[in-house]
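Please open the model in the viewer and prepare to select single residues.

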Amino acid sequence: MIGEFSRRQFLRTAGAGVAGTTLGAMGFGGAEQAMAQAVRPFKLARTTETRNICPYCSVACGVILYSLGDRSKNTHASLLHVEGDPDHPTNRGTLCPKGAALLDFVHADTRLKYPMHRKPGSETFERVTWDFALDRIARLMKDDRDKNFQTTSKDGVTVNRWTSVGFLAASATTNETGTLTYKVIRSLGVLPFDNQARV
């Protein structure tokens, strides 16, 4: 049977076999895709899927967060996987290196997880409740607005402005959140209003 092949035919057949094996080894044979489809559901089978927005830059890419824990009273949910949202119109499932590292951002020891307050004259921050923090911010804003709000200019023109306070908005929000933020801040009369994406 070997005698029926010429040297040229043998080299062609061997070359085709090597090329096919090489293409299969490089991932063109579908083996890697089949393996990924088998592993992925196993890894995320018991997780809760939550869609969110990446907190980093002004692009506002969509992310899917997978967490373990059923949110019952005695359990603590833990995030175990982050990936891009393929249904999100901004990034269509892709993430930049910062977005891909969101898992480390969430689990970082230096991440601020609750409000902190530094009393006047103190050198250390103390943990406070959310009620205390929000009430204090609201009280300080109200006092400053009452003290510095201008209803008319020097020429008697109605201006209704509050120039002693500025506001820095988050850029990693949806259009709806951005619009509501803008309306609330402008309705207070705040003029210095900027966005994190420009800073």
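The stops below belong to a predicted model.

**First stop: Ala60**

Select Ala60 and display the backbone on either side. Ala60 is found in the loop between strand 1 (48-53) and strand 2 (62-68). The phi angle of Ala60 is positive, about 60 degrees, although Ala60 is not a glycine. Is Ala60 buried or exposed? Ala60 counts as buried, because its relative accessibility is 11% and the cut-off for buried is under 20%.

**Second stop: Asn160**

Next, select Asn160, which is found in strand 7. Asn160 is not a glycine either, yet it has a positive phi of about 45 degrees. The relative accessible area of Asn160 is 40%, so this residue is classed as partly exposed, a class that lies between the 20% and 50% limits.

Now move to Val165, in the loop that joins strand 7 (158-161) and strand 8 (167-169). Val165 has a relative accessible area of 23% and is therefore partly exposed.

Which residues does Val165 touch, not counting residues up to four places away in sequence? Display Asp144, Val190 and Pro192: these are the contacts of Val165 once such sequence neighbours are set aside.

Terms used. Residues numbered from 1 in each chain as written. Predicted model: local features only at pLDDT ≥ 70, side-chain atom pairs only at ≥ 80, totals over all residues. Heavy atoms only, no water. Helix = DSSP H or I, 4+ residues; strand = E, 2+ residues; numbered from the N terminus. Buried < 20%, exposed > 50% of the residue type's maximum accessible area, 1.4 Å probe, protein only. Contact = heavy atoms within 4.5 Å.
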